[in-house]
Structure formats: C-alpha cells, structure tokens
Amino acid sequence: MTLANGEAHQVTNNGDLSKPFKIFVGYDPREDLAYKVCRHSILKRSSVPVEITPIVQSDLREKGLYWRERNKLESTEFSFSRFLTPYLANCDGWALFIDCDFLYLADIKELMELIDDKYAIMCVHHDYTPKETTKMDGAVQTLYPRKNWSSMVLYNCGHPKNKGLTPEVVNNQTGAFLHRFQWLEDDEIGSIPSIWNFLEGHNKVVENDSTTFPKAIHYTRGGPWFEAWKNCEFADLWLNEMHDYIEEKKLNAS
C-alpha cells in the first residue's frame, strides 16, 4: 500500500473496529494542499471507518509497481497510476478512487450505500466537453470519450475483470484502454448521481432543488490552491475547509 509520510489516515466510528472502507486518492506534489484538504473533508464527515491512502508515484516506482514514462499530455502524476487501485486494495472488497481535487460535503457512508455488487465499477457517467484549452497551472486540457469518468470510481476490487488490472497492464496499456474502461463491458459499469462528482464550472445547482446540490465538488479545471483559479465557483467552500484543516492541525500540534 502506497503511503504519504509513511502512514494511512483512518477514522473509526465510535470505537467500531470493523474493516475500514478503503479510499485511494491520486497524489501530485504540486497539489499537496489539495490532497490534505480533500482527506480532511472526508474524515470530518465520515460516520464509518475509512482508510485513506494517497497514490504516490515516486513510492510506486520505488516498489517496482510503476515504471511508465510520463507523457507530455498527463496533467497529473496519477493520470495512469489511479488504475492500480484494485491491485493496491489486494483485489478484495470495494474501494474508492478519487482525484485529489475533490471536496466532500457529505458522509462517505451515503456513497457506499449506492454500491451494487453486480457491477465491476461504478462512477458518474459524465457528458463533459471542457471549453478551456488549459487547466490547473497551465496543463493542457485534453478531450476524449468518457472524460472525467475515471476521476471518481468505486471499484469492485474482487471482480474477475478488475483482477486483470495488474501493474503490467497499467504500465503498458493505452490511455484509451484505461480511461475508457475498455477491459469492461458497458453493462458492467454502474452509474452514480452526478452530485458525487460535481464538476465545478460544468454541473449546475438548480435553485430550490436540493437534489442538485453537490455532495462532492470536483475542481477539475483547477481549484483555489492555484492562483489562476482562486475565484472559481465554490472557492469559498474549499477555502473554509482549508482553514478548518489548518486550525485542526494547530490544535493537534499543541
């Protein structure tokens, strides 16, 4: 299991030591703060035991699990390492992968309750065509079918087809094969409501309709931790969470 600072971050539910739900978060050194705020937002609201593990490319390379050369179109260090999630979860049970640029506003238990064992994976089936040509800190904005589907995926890690996502496959297969989930049939890909991967700047909240308000905001274009995106939609929510994380860190250090 790949860790940042040598440890996984866990929360237990009122002393319940039952098996924690595994969450893997894509990690990029340029977005270290985004990762920490994302992790904090999950832990703060979770009513069930969870284990949060960052997928750190340098650690994977050191362990011999990742050797793929970086393509100039990869906007983050976890563009492909994300697909090691079932392998890192020991091909057991269900696990969640998310990009680090998420902010959770709801209990992760609500997402877990949507899990259906008949599927190999479950995700939001976005119909997303970004208008911008760059994102984050100037990274190229690419277009491809099923864009952003792989940014938040519930993996049925023990599913026979997901067991095929070995390090060899993840390191050698094409971007199209991986990001479009081509190792699966369409009916093996379950759907999750878009409020669990609410794309800032794309998805919209409908006034007086609480069902359209995000449970997890995805700052896919770039978030307030980048100067160019400090005034993006929902920036205030992320900044509030950041301040909460910093204050909690101070308290724990004292």
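Colleague: Which residues do ring pairs link into a cluster?
Modeller: In this predicted model, F83, F177, F181 and W183 are linked into a cluster by ring pairs.

Colleague: And how many aromatic pairs does the count come to?
Modeller: The count comes to 11 aromatic pairs. One of them is formed by Y27 and Y35, an edge-to-face pair with 5.6 Å centre to centre and 85° between the planes.

Colleague: Are Y27 and Y35 buried or exposed?
Modeller: Both Y27 and Y35 are buried.

Colleague: What about Y219 and W225, what kind of pair do they form?
Modeller: Y219 and W225 form an edge-to-face pair as well, with the centres 5.9 Å apart and 75° between the planes.

Colleague: Why is W225 called buried?
Modeller: Because its relative accessible area is 16%, and buried means under 20%; Y219 is likewise buried, with a relative accessible area of 0%.

Colleague: Changing topic, which residues of α1 are buried?
Modeller: The buried residues of α1 include Y35, the partner of Y27 in the pair above, and also A34, K36, V37, C38, R39, H40, S41 and I42.

Colleague: What span should helix α1 have, and how far apart are its end C-alpha atoms?
Modeller: Helix α1 runs over residues 32-45, and at 1.5 Å a residue its 14 residues should span 20 Å. The end C-alpha atoms are 21 Å apart, so the two values agree.

Colleague: One more, where does R68 lie?
Modeller: R68 lies over the face of F80, at 3.9 Å from the ring centre.

Terms used: Residues numbered from 1 in each chain as written. Predicted model: local features only at pLDDT ≥ 70, side-chain atom pairs only at ≥ 80, totals over all residues. Heavy atoms only, no water. Helix = DSSP H or I, 4+ residues; strand = E, 2+ residues; numbered from the N terminus. Expected span 1.5 Å × (residues − 1). Buried < 20%, exposed > 50% of the residue type's maximum accessible area, 1.4 Å probe, protein only. Phe/Tyr/Trp six-rings, centres within 6.5 Å; stacked < 30°, edge-to-face > 60°. Lys NZ or Arg CZ within 6 Å of the ring centre and 35° of its normal.
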